[in-house]
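Hi,

Here is the structure I promised to pass on.

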Protein chains: 2
Amino acid sequence: MQRSAFALGLPAIFPLAFSKPTEPNPNIPQGATILFQGDSITDAGRNRGAYYANNSRGMGGGYAFLAGARLLADNPGANLRIYNRGISGHKVFQLANRWEEDCLNLSPDVLSILIGVNDFWHTLSHSYKGTVKEYEADFRALLDRTMTAIPDVRLIICEPFAVEGGSAINDAWFPAFNAYRAAARTIAQEFKAEFIPYHGIFADALQSAPVSYWCPDGVHPSLAGAQLMADKWLETFGKLKWE
Amino acid sequence: MQRSAFALGLPAIFPLAFSKPTEPNPNIPQGATILFQGDSITDAGRNRGAYYANNSRGMGGGYAFLAGARLLADNPGANLRIYNRGISGHKVFQLANRWEEDCLNLSPDVLSILIGVNDFWHTLSHSYKGTVKEYEADFRALLDRTMTAIPDVRLIICEPFAVEGGSAINDAWFPAFNAYRAAARTIAQEFKAEFIPYHGIFADALQSAPVSYWCPDGVHPSLAGAQLMADKWLETFGKLKWE
């Protein structure tokens with residue numbers, strides 16, 4: 001217990017919350033396959049050999065693990081199959097390179113994609129030469145290919161985010177990075193995807209705790225930040241339309 | 001999507017739930033330290049080098065990760081410090097061997113312990129010679145020592161469990177294993193701990209999905225089983241009394 005809280009005259013007792021308001025229950029087809037795709041934020045240290053659906057080691061230690069666990073525990077009769085295929089460091093063109101095996105062959109009913117931070121970041125840190133126009137064009141081509149192969153898939157597009165004050169974020173990020181956020185939003189609208197505005201979600205979270213609490217380097221969420229992401233993801237998942 | 005569901009005449013649409021009813025908000029001291037102790041179920045593949053509080057890699061891929069993430073995300077101003085110090089394969093005497101470093105030095109405000117399945121299992125699988133009397137006596141001594149060192153600690157004792165039908169569970173387990181469950185419950189009562197009856201919780205869960213869904217080998221929970229555990233843990237955490 002932090003005794004200094006008393007010395008500073010701060011409240012000794014903090015009202016503790018630990019659950020979320022009940023969400024409306026959507027409907028989902030029996031046996032639906034849900035695929036998380038992206039970069040290190042999705043990967044989150046997953047065991048890539050743990051290939052099969054619903055394997056906790058294969059889900060990593062981030063928002064995909066948290067969202068998947070919640071869906072599975074609350075829907076034991078739904079026969080859901082949940083996969084994480086995020087790979088650390090990837091940009092959108094690298095998703096395209098492995099899309100046949102890591103997306104199309106899994107034939108997802110729900111495809112969630114969080115990609116873009118490396119498309120920008122690596123221009124600063126890895127001498128990557130890609131532009132935001134290429135990011136947007138590659139993302140569009142990836143989704144055109146996806147919708148041709150699996151036209152019934154429901155899409156969740158996650159906004160790439162960078163949390164100001166994080167140790168990896170400097171003045172070079174803004175406003176340049178905002179164009180990547182805008183491109184992801186444009187793509188989501190074009191493909192009638194559900195869009196999760198994570199950049200603003202993290203910015204808002206800074207009102208209750210510092211960047212070190214939610215996302216220390218500004219790119220990779222903490223445990224608290226992963227839960228924040230999972231909660232918004234589940235809320236968004238609930239908005240998907242099913243006939 | 002599992003097309004066979006249609007062929008079998010099963011419902012194509014499953015009502016999906018993904019959140020829990022709101023729990024009452026307890027109060028907890030600002031800056032409280034919460035420690036998860038136990039064996040492989042708690043360890044869940046954690047990175048033991050990720051020693052500091054609230055580190056997602058250090059929380060493993062089980063119920064401690066899930067419960068910790070929920071507490072941290074929902075209480076950003078509470079300055080909680082959450083540790084996982086479960087170690088795979090451990091029995092209660094092995095907790096005692098590392099108790100100074102892995103419990104007392106952390107000075108937890110909340111101590112959660114799940115221990116006992118190996119105290120029984122290893123008598124079958126590892127020629128371990130310990131008895132249930134030793135388990136109970138060692139557990140009592142461990143908590144006497146704990147309460148002497150940190151008398152204000154709140155205790156959560158988790159019932160050791162074995163899920164019938166799991167691949168590691170055979171006829172040798174019952175009724176012998178029930179004595180370990182009873183010993184843990186006795187200890188919880190003696191020390192006025194909150195007790196989580198996980199054995200029955202998992203048995204009840206079999207009504208909605210088979211053992212392979214919740215706990216394939218009967219000892220180590222799946223992703224769904226870990227969330228089931230975390231939900232009950234959080235519910236129990238909410239019952240702790242704070243002045």
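Two strands pair if DSSP finds at least two bridges between them; strands (E, at least two residues) and helices (H or I, at least four) are DSSP runs, numbered from the N terminus. This is a predicted model, where local features need pLDDT of at least 70, side-chain atom pairs count only at pLDDT 80 or more, and totals for chains, interfaces and linings use all residues. Residues are numbered from 1 along each chain as its sequence is written, and chains are lettered from A and ligands numbered from 1 in the order in which they are written.

Chain B first. Strand 6 (residues 154–158) of chain B pairs with strand 7 of chain B in the parallel sense, over 3 bridges. Within that pair, B:Ile156 sits opposite B:Glu194 of strand 7. Both strands belong to an open, parallel sheet of 5 strands in chain B, ordered 4-3-5-6-7. Strand 4 (81–84) and strand 7 (194–196) of chain B are at the edges with a single partner strand each, so one side of each has no neighbour in the sheet.

Now chain A, which has 11 helices and 7 strands. A:Leu66 is in helix 3 (residues 63–74) of chain A. This leucine counts as buried because it has 31 C-beta neighbours inside 10 Å (buried takes 20 or more other C-beta atoms within 10 Å, exposed 12 or fewer, partly exposed in between, with C-beta atoms placed from the backbone). A:Leu66 and A:Leu223 are 157 residues apart in sequence, yet 9.8 Å apart in space, C-alpha to C-alpha.

Cheers
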